[in-house]
Amino acid sequence: MSTPVSMSAKDTRQASWLKLFAILASWYFLYWGNDKIWNWLLFSALPLDESSKVGESVRFFFYDSIKILLLLVGITFVVTMLRSFITIERTRAFLGGKRQGVGNLMAASAGVVTPFCSCSAVPVFVGFLSSGVPIGVTLSFLIASPLINEIAIGLLFTMFGFKIALIYLFSGLTIAIIAGMVLGKMKVERWVEPFVYANKMNSQTEFASPHYTLRDRMNMGAEESLAILKKIWMYLFIGIAIGAIIHGWAPTQFFADYAGPDNPFAVLIAVMVGIPLYSNAAGVMPIVQALYDKGLPMGTLLAFMMAVVALSLPEIILLRRVLRPKLLATYVGIVGAGIIFVGYLFNAILN
Amino acid sequence: MEIKVLGPGCKNCVTLDRIAHEVVRELGISATFEKVEDYAAIASYGVMSTPALVVNGNVVLSGRVPTPRHLKEILESI
């Protein structure tokens, strides 16, 4: 780094810590004041009726938009700062030569914490395999990464509490571990596009590990929050609008009939609806909350959410570059079956 | 200087390519540019997170779009 080590470096560091503290404190203040502001604005300052359908929907829309935006930005900022300590290259070195089983467990956990964008799924797949990470272990990593989403954990925690967030985390990990192990046992190497194994890569490639200061990490967090916001605000508002409509207008009986606890096919339907839907954790959460308020059981809702975030059409198309159709279909089938199983399991346990 | 921008053509890769051009022009270095979009070729550099920047055969940056200032520091030190 070109910064001269002197008193000024120490001052900069102190200023960075102060700035970080100020950012976190103002975030918390906004989050805390959110419902107070809207309750006052809509029902005291404006002549809206708190108990009317319109009033309820309008409040849900504004309050939820701000709340989810704040959570999205806050969680992304903090997680990006923490993740700047981990790189995908280190994760690969850590997973190299690991056996099936323990390797799958480590890969799924690494998938949760390693910074990774789904647009890099293909280079990561090639990079892992050509440096000797077993295919089942690699797939555990690739399944866990989108399935267990830090924003979803944060949102579930604030909306439904600690228990539901933990259930989501552990069932997601279990699906990633078991699906990777099953695919590994099936010797799916023969269904991988040949160029992947033809690639003789220097796995020892070690880039000079970047040395980040606290200010660098904060900048990375801010950049990432902004990038995420730009990428998903549309999905978020569509999700919140649908949530608001369900919240205010959809008859409770309709959902009870089609997806309620008494319909044995509810989980299956939820997953089938979820796969082609392309959204993300933040966009789907307002819908989940509105459906929960209409009496849908948590297992069905978790299954729906997982299907939306883990199995999306664009990602499947991307993976087609390296996986033959047979493996791709098996992959979707096994992950889908895992999600359906989790849905039925928690509908049974949580009732 | 021989500069290669590695990436399958996503938005970040386009941004990195643009910043690299800008910085090179600003520093007044003579450089050749090449875009590497093929997955097998990208992987042969050992790169797993795109976009990445290769200068004279060495990977100098991977996984994020640098600020122009940061990239300037990198190119000046080569």
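Which residue takes a positive phi in the hairpin of β3(B) and β4(B)? It is Asn56(B), with a phi near 50°, in a hairpin that has two residues between the strands. Helices and strands here are DSSP runs (H or I of at least four residues for helices, E of at least two for strands), numbered from the N terminus.

## About the model

This is a predicted model, in which local features need pLDDT of at least 70, side-chain atom pairs count only at pLDDT 80 or more, and totals for chains, interfaces and linings use all residues. Residues are numbered from 1 along each chain as its sequence is written, while chains are lettered from A and ligands numbered from 1 in the order in which they are written.

## Chain B as a whole

Let's start with chain B, which has three helices and four strands. Along the sequence they come in the pattern β-α-β-α-β-β-α. Chain B is as compact as a globular protein of its length, because its radius of gyration of 11 Å is close to the 12 Å that the globule rule gives for 78 residues. The radius is taken over C-alpha atoms, and the rule is 2.2 Å times the number of residues to the power 0.38.

Along the principal axes, the C-alpha atoms of chain B fill a box of roughly 30 × 25 × 15 Å. Buried residues account for 40% of the 78 residues in chain B. A residue is called buried if 20 or more other C-beta atoms lie within 10 Å of its own, exposed if 12 or fewer do, and partly exposed in between, with C-beta atoms placed from the backbone. Of the contacts in chain B between residues at least 6 apart in sequence, 66% join residues at least 24 apart. A contact means that the C-beta atoms of two residues, placed from the backbone, lie within 7 Å.

## The sheet of chain B

The four strands form an open sheet in the order β2-β1-β3-β4 (chain B), with mixed pairing. Its edge strands are β2 (32–36) and β4 of chain B, each pairing on one side only. Ignoring direction, neighbouring strands are turned by 20° against each other on average. Two strands count as paired if DSSP finds at least two bridges between them. Strands of a sheet pair through backbone hydrogen bonds, either parallel or antiparallel.

Now for the individual pairs. β1(B) and β2(B) run parallel and are joined by five bridges, with Val5(B) opposite Lys35(B) in β2(B). Strand β1 (residues 2–6) of chain B is also joined by four bridges to strand β3 (residues 52–55) of chain B, and these two run antiparallel. In that pair, Val5(B) stands opposite Leu53(B) in β3(B). β3(B) pairs with strand β4 (residues 58–62) of chain B over four bridges, in the antiparallel sense, and Val55(B) stands opposite Asn58(B) in β4(B).

Helix α1 (residues 11–27) of chain B lies across β1, β2 and β3 of chain B, running at about 160° to β1(B). Axes are lines fitted to C-alpha atoms, for helices over the stretch in contact, and angles between N-to-C directions run from 0 to 180 degrees.

## A look at Val36(B)

Val36(B) sits in strand β2 of chain B. Is Val36(B) buried or partly exposed? Val36(B) is partly exposed, because 19 other C-beta atoms lie within 10 Å. Beyond its neighbours within four places in sequence, Val36(B) is in contact with Lys4(B), Val5(B), Leu6(B), Ala41(B) and Ile42(B).

## Helix packing in chain A

In chain A, helix α2 (residues 53–83) and helix α13 (residues 281–293) pack at an angle of about 145°, with their axes 11 Å apart. Here Asp64(A), Ile68(A) and Leu72(A) in α2(A) meet Ala282(A), Met285(A) and Pro286(A) in α13(A). By class, this contact has five nonpolar, no polar and one charged residues. Nonpolar covers Ala, Val, Leu, Ile, Met, Phe, Trp, Tyr, Cys and Pro, charged covers Asp, Glu, Lys and Arg, and the others, Gly among them, are polar.

Helix α7 (residues 150–160) of chain A has buried residues Ile151(A), Ala152(A), Ile153(A), Gly154(A), Leu155(A) and Leu156(A). These pack against α2, α8 (162–185), α13 and α14 (298–310) of chain A. After α7(A) comes Gly161(A), whose phi is positive, near 100°.
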